[in-house]
Amino acid sequence: MNIQLKNIKYAAFASEETPCFQATIYIDGVRRGTVDNDGHGGCDNFHPWELQTEIDAYAATLPLKTERY
């Protein structure tokens, strides 16, 4: 699965506790929805919300990152 963020808009002036942004999500080259955060310390908002469930399920199948020192 290839997940890409495009049309990213970042608003530094509105970012307080978290980055304020908006982006379009593409999966395998197909536009699937959007994600945004209002910058006030909350979770990211996925539209449609089912998209977050799909991405989280895929992420759970990926290997854990290991740190090398």
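The model is predicted, so local features need pLDDT of at least 70, side-chain atom pairs count only at pLDDT 80 or more, and totals for chains, interfaces and linings use all residues. Residues are numbered from 1 along each chain as its sequence is written, and side-chain values use heavy atoms, leaving out hydrogens and water.

**Exercise 1.** Determine how many bridges join S2 to S3.

*Solution.* Strands are DSSP runs (E, at least two residues) and helices likewise (H or I, at least four), numbered from the N terminus. Two strands pair if DSSP finds at least two bridges between them. S2 and S3 run antiparallel and are joined by seven bridges. Within this pairing, Tyr26 stands opposite Arg31 in S3. The two strands form a hairpin with two residues between them.

**Exercise 2.** Identify the residue that forms a salt bridge with Arg32.

*Solution.* A salt bridge requires a side-chain nitrogen of Lys or Arg within 4 Å of a carboxyl oxygen of Asp or Glu. The partner is Glu54, with the closest N and O atoms 2.6 Å apart. Arg32 lies in strand S3 (residues 30–37) and Glu54 in helix H1 (residues 50–59), so the pair ties together parts that are 22 residues apart in sequence.
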